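My notebook is open, and I want to see how this chain is put together. Here is what I looked up, entry by entry.

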Amino acid sequence: MLRHKGAAPVAASILVGRTVNTKLISKRVIRVSLLAMVGAALPAHLAAQSESAASQPENLLPQNPEIQQETVEVAADAVISDPVTAAIDDMAEPEQPGLQSWDLDNARALAAIIEGIGTDGLKPADYNLSGLRAAIAGGSDADLNAVATQSFAFLVEDLRDGRTPMNARKQWFVLDPDVDRYPTERLMADALASGDMAGTLARIMPEHPDYFRLKEELGKTEAGTKRYKLIQANMDRWRWLARDLGSQYLMTNVPEYQLRLTVNDKIIRTYRTVVGKPGRTATPQIAESVEGVIFNPTWTVPQSIVKGEGLGARVLNNPAWARRAGYKATKHANGWVSVVQQPGPNNSLGLMKLDMPNRHAIFFHDTPSRHLFKNARRALSHGCIRTERATELAITMAILQGGLTADESVAKLKSGKYTKVGFEKTMPAYITYFTMAQNIEGELTTFSDIYGRDPAVLKSFEAARVPNRERVTGEQIIPIENDPRDIV
């Protein structure tokens, strides 16, 4: 048995008088009164925004600056001094050999772990248990070194990175840093030197409470059943993620339609979500960083709508309608038309968006269509994630990460003006896909496989283990044409 730690997540509210202590907020106090202030502010704010819209910039698209070239001279004899080179060499860890020497005690400890690895949803046969036992019986020699080294390496790869090969992880674009944080050869050297095989492997195990909840359920479930296989698949999905998710992060489970604000793996607040429709607009699985919050955002309309749907011509030809809808168009000298929807009650992004630059153009935002959060099935968007009580989330994030007070945050929201609040430190955001997990109430729940991503994972567990797996996906990114307009 591998040693582990973890406890079931505890749903918590932001209580009156309770101080949230983190390095990022300088011991600022978040209270329920803050949330009440947001709720009270919104009606007046909605009324005020139509008046403020006229004061917004005509075109918020960045203009191409003139590029100037300058010659930079570099000294041909520039070198790094010997003391600097020596200091860098001293900081580097020595590389460990791929093939290492195993004594019988360490080999027996490894065999015992592999024999019980089924408790983590993995298969002993994948790690040549029979071959390892035969090598142990033969005594400490070169054959034992080769067999034990390979068994250990395969086990590390599956516990650290996941057993599922990359081609079975549909729309999975997360780069797991654990390969670099916990190199196989270094782990092997540590285990052999310390004699603590289980303790060394525990360093790479998922430590999230939800993983151990699945592990507990696996132990109660008959092997080979449909439920058992589903638990296996979702335990492996935790191994696809970084072991350390951060002390504060956002995590949304797409099939659950819920977003969690999490501190130390405990849920602080939850928000219903609207996610991408199945097909080309399905929300991908990514891990990105939120850099700031934008109050009263603008929406730069894609050309597929400006030109393809004729919105540009309509805005130019019907200024009264455009003003009511908050659209402003700019016709450029070459005839190209750009359209920006200004902040206001009709803005398709609502009153906030989280600034989360990524190549998928996916982010969290508000919506005027708040009635959609009452639906049980909410796979309705063009890929981006609409968030319930988004202004509450925006203000909380501005306090936690942006260094603002509650009053300052509410004032920026009520101003009706585009305002970006940069974070003092970025916050990780994980868009995940678990079809069995603890729900926001802490109950183990099965969720509908809305995008059909389970079968490939389940099939990979039925097939032989794939060695030399790719670290990044070769799957094509599906461009998201962000259309946050009202969903009909």
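I began with a term: two strands pair if DSSP finds at least two bridges between them. Strands themselves are DSSP runs of E with at least two residues, helices are runs of H or I with at least four, and both are numbered from the N terminus. This is a predicted model, where local features need pLDDT of at least 70, side-chain atom pairs count only at pLDDT 80 or more, and totals for chains, interfaces and linings use all residues. Residues are numbered from 1 along each chain as its sequence is written, and side-chain values use heavy atoms, leaving out hydrogens and water.

Which residue of β7 stands opposite Thr300? I found Val340 there. Strand β7 (residues 337–341) runs antiparallel to β5, and two bridges join them. The open sheet has three strands in the order β5-β7-β6. Its edge strands, β5 (299–300) and β6 (327–331), each pair on one side only.

Entry two, the inside. I noted that a nonpolar core is a set of buried Ala, Val, Leu, Ile, Met, Phe, Trp, Tyr and Cys residues joined through side-chain atoms within 4.5 Å. Buried means under 20% relative accessible area (1.4 Å probe, protein chains only). The largest such core has 57 residues, and Tyr327 and Val339 are among those with the most contacts inside it. Helix α14 (residues 390–400) gives the most to this core, eight residues.

I counted 16 helices and 14 strands. Of its 488 residues, 50% are buried.
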